[in-house]
Amino acid sequence: MKLPESVKILLLGSGGRESALAWKIARSPRVAALFIAPGNAGTAAYGTNVDLNPNNFGTVKQFILTNNINLVVVGPEEPLVKGLQDYIREDSEIYHVPVIGPSMLGAKLEGSKDFAKGFMARHGIPTADYKTFTKETVEEGFRLLESLRPPYVLKADGLAAGKGVLILGSLPEAKSELENILGGKFGAAGNTVVIEQYLEGIECSVFVATDGKNFRLLPVAKDYKRIGEGDTGPNTGGMGAVSPVPFADDVFMGKVRTRIVEPTVEGLAREKIDYRGFIFIGLMNVGGEPYVIEYNVRLGDPETEAILPLIESDMVELFESMAFGNLDSYWLEISPKYSVTVMCVAGGYPGDYQKGDEITGLDQAAAGTETLIFQAGTAKSGLKTVTNGGRVLSVTSLGETLEEALAKSYAAIDRIEYRGKYCRRDIGQDLAHCKD
């Protein structure tokens with residue numbers, strides 16, 4: 001099976017990731033129409049924004065029928081965890097429309113930390129030792145914490161808007177937070193808590209496209225989560241990303257492929273889990289050995305903004321191969337350049353921040369350079385583009401070297417103005433000592 005030669009696509013989501021996806025999809029000559037729901041002020045440059053909630057499946061169905069949609073691409077994880085792929089597949093009117101994203105069971109790799117750890121254990125995939133606790137077994141959790149050395153890692157089992165992983169330096173704090181999470185700090189997402197061994201090393205993000213039996217490795221990235229330079233301060237949704245990653249060389253990636261990616265894809269097939277989409281594997285490089293920190297069931301943000309500009313092959317044809325099980329014959333072409341993305345955020349983020357401030361300089365920032373401005377937390381107010389979220393803009397540049405790409409992004413950022421603008425100025429600096 002194949003998609004029609006001219007394809008009508010519905011892309012779900014509204015952030016920087018979806019801006020990058022919309023940009024890449026729109027570059028395909030096979031696109032007849034691209035709708036982004038709900039999108040942001042920037043995605044309107046690549047297609048038509050639609051005022052539609054991706055978690056309202058009935059509304060999604062009606063839009064598919066009314067607009068003769070041929071393909072649904074899901075950006076964020078929540079619709080997948082809630083079962084959008086299953087809903088479409090099981091509906092007699094729209095079952096024929098392929099979805100780029102896993103079934104609800106497959107989405108549990110992200111939607112449940114306990115499920116993901118169990119999956120890794122069943123398939124011999126290297127990860128940190130762990131145990132799972134509930135309110136009824138909290139005393140056992142305390143005893144486990146007492147047997148461990150700091151820092152202590154606590155993970156709420158369910159989706160907690162990126163805030164459900166805590167790394168704590170003292171035993172009293174760890175015990176207190178275990179009680180807090182089980183007591184409702186993250187709502188139902190914290191009814192179960194995973195306590196796991198702390199792994200010391202350097203992180204990277206591996207992205208896999210799969211049709212359920214075959215896979216292709218996308219560019220590897222490293223992201224920067226904390227708000228402050230030198231990786232200080234509270235966690236955020238992501239302050240920047242770099243691709244490729246110097247330490248993810250052929251030797252390391254050979255281990256990743258054979259020990260992690262292949263067993264993951266084979267495990268999904270063995271467990272008869274319908275998975276046609278992306279797997280984002282958060283890895284820790286511990287002395288040259290890869291360990292899985294977490295699975296996500298979609299592309300990352302801001303890593304997507306860094307890796308998609310490096311993919312030179314057609315995105316719609318990649319989706320077609322994933323949807324219809326032909327990924328083994330898809331030729332994935334990757335640019336040899338470096339790509340970096342630096343996130344501009346609102347003043348006060350990740351705490352309280354203001355919305356509605358005018359953004360200027362966007363056209364000048366991207367003019368005449370290998371620089372792309374992917375809008376994230378933005379909206380239109382009349383003819384003005386204004387801030388509408390904590391992470392406002394993702395500024396991505398390509399270069400022959402990491403330093404060149406970074407210089408381009410920071411030069412572009414200096415041309416952009418809005419009240420409270422902030423970015424980290426040390427993205428990628430920790431990789432300077434790594435092997436190039």
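In helix α6, the residues Lys113, Phe115, Ala116, Lys117, Gly118, Phe119 and Met120 are buried, where buried means under 20% relative accessible area, exposed means over 50%, and partly exposed lies in between (1.4 Å probe, protein chains only). The structure is a predicted model, in which local features need pLDDT of at least 70 and side-chain atom pairs count only at pLDDT 80 or more, while totals for chains, interfaces and linings use all residues. Residues are numbered from 1 along each chain as its sequence is written, and side-chain values use heavy atoms, with hydrogens and water left out. Helices (H or I, at least four residues) and strands (E, at least two) are DSSP runs, numbered from the N terminus.

Helix α6 is mostly covered, since seven of its ten residues are buried. Two packed helices are described by the angle between their axes and the distance between the axes. The axes of helix α5 (residues 104-111) and α6 come within 6 Å and cross at roughly 100 degrees. Here axes are lines fitted to C-alpha atoms, for helices over the stretch in contact, and angles run from 0 to 180 degrees between N-to-C directions. On the α5 side, the contact (heavy atoms within 4.5 Å) is made by Leu105, Lys108, Leu109, Glu110 and Gly111. On the α6 side, Lys113, Phe115, Ala116 and Phe119 take part. By class, this contact of α5 with α6 has five nonpolar, one polar and three charged residues. In this count Ala, Val, Leu, Ile, Met, Phe, Trp, Tyr, Cys and Pro are nonpolar, Asp, Glu, Lys and Arg are charged, and the others, Gly among them, are polar. Helix α6 is followed by Gly124, whose phi is positive, near 65 degrees.

In soluble globular proteins, nonpolar side chains tend to be buried together. A nonpolar core is a set of buried Ala, Val, Leu, Ile, Met, Phe, Trp, Tyr and Cys residues joined through side-chain atoms within 4.5 Å. The largest nonpolar core has 75 residues, and those with the most contacts inside it are Leu10, Val72 and Ile281. Helix α9 gives the most to this core, with seven residues. Not counting residues up to four places away in sequence, Leu10 touches Phe35, Ala37, Val60, Phe63, Ile64, Ile69, Leu71, Val72 and Val73. A second, separate core of 35 residues includes Ile36, Leu71, Phe207 and Ala323.

The structure holds 31 salt bridges, each being a side-chain nitrogen of Lys or Arg within 4 Å of a carboxyl oxygen of Asp or Glu. One of them joins the side chains of Lys82 and Glu78 (2.7 Å, N to O). Lys82 counts as partly exposed at 44% relative accessibility, and Glu78 counts as partly exposed at 34%. A further salt bridge forms between the side chains of Glu271 and Arg122 (2.8 Å, N to O). Glu271 lies in the loop between α9 (250-270) and β16 (277-286) and Arg122 in helix α6 (residues 113-122), so this pair ties together parts that are 149 residues apart in sequence. Glu271 is partly exposed, with a relative accessible area of 27%, and Arg122 is partly exposed at 48%. The side chains of Asp274 and Arg276 also meet in a salt bridge (2.9 Å, N to O). Through shared partners, salt bridges join Asp86, Arg89, Glu90, Asp274 and Arg276 into one network. Arg276 counts as partly exposed, with 25% relative accessibility.

Most residues other than glycine have a negative phi, and most peptide bonds are trans. A cis peptide bond joins Ala37 and Pro38, with omega about 0 degrees, and Pro38 is placed in strand β2 (residues 31-38). A cis peptide bond also joins Pro150 and Pro151, again with omega about 0 degrees; Pro151 lies in the loop between α7 (138-147) and β7 (152-156). Asn68 is not a glycine, yet has a positive phi of about 50 degrees. Asn68 is found in the loop between α2 (57-66) and β4 (71-74) and is exposed, with a relative accessible area of 51%. Lys272, likewise not a glycine, has a positive phi of about 55 degrees. Lys272 is placed in the loop between α9 and β16, and is exposed, with a relative accessible area of 74%.
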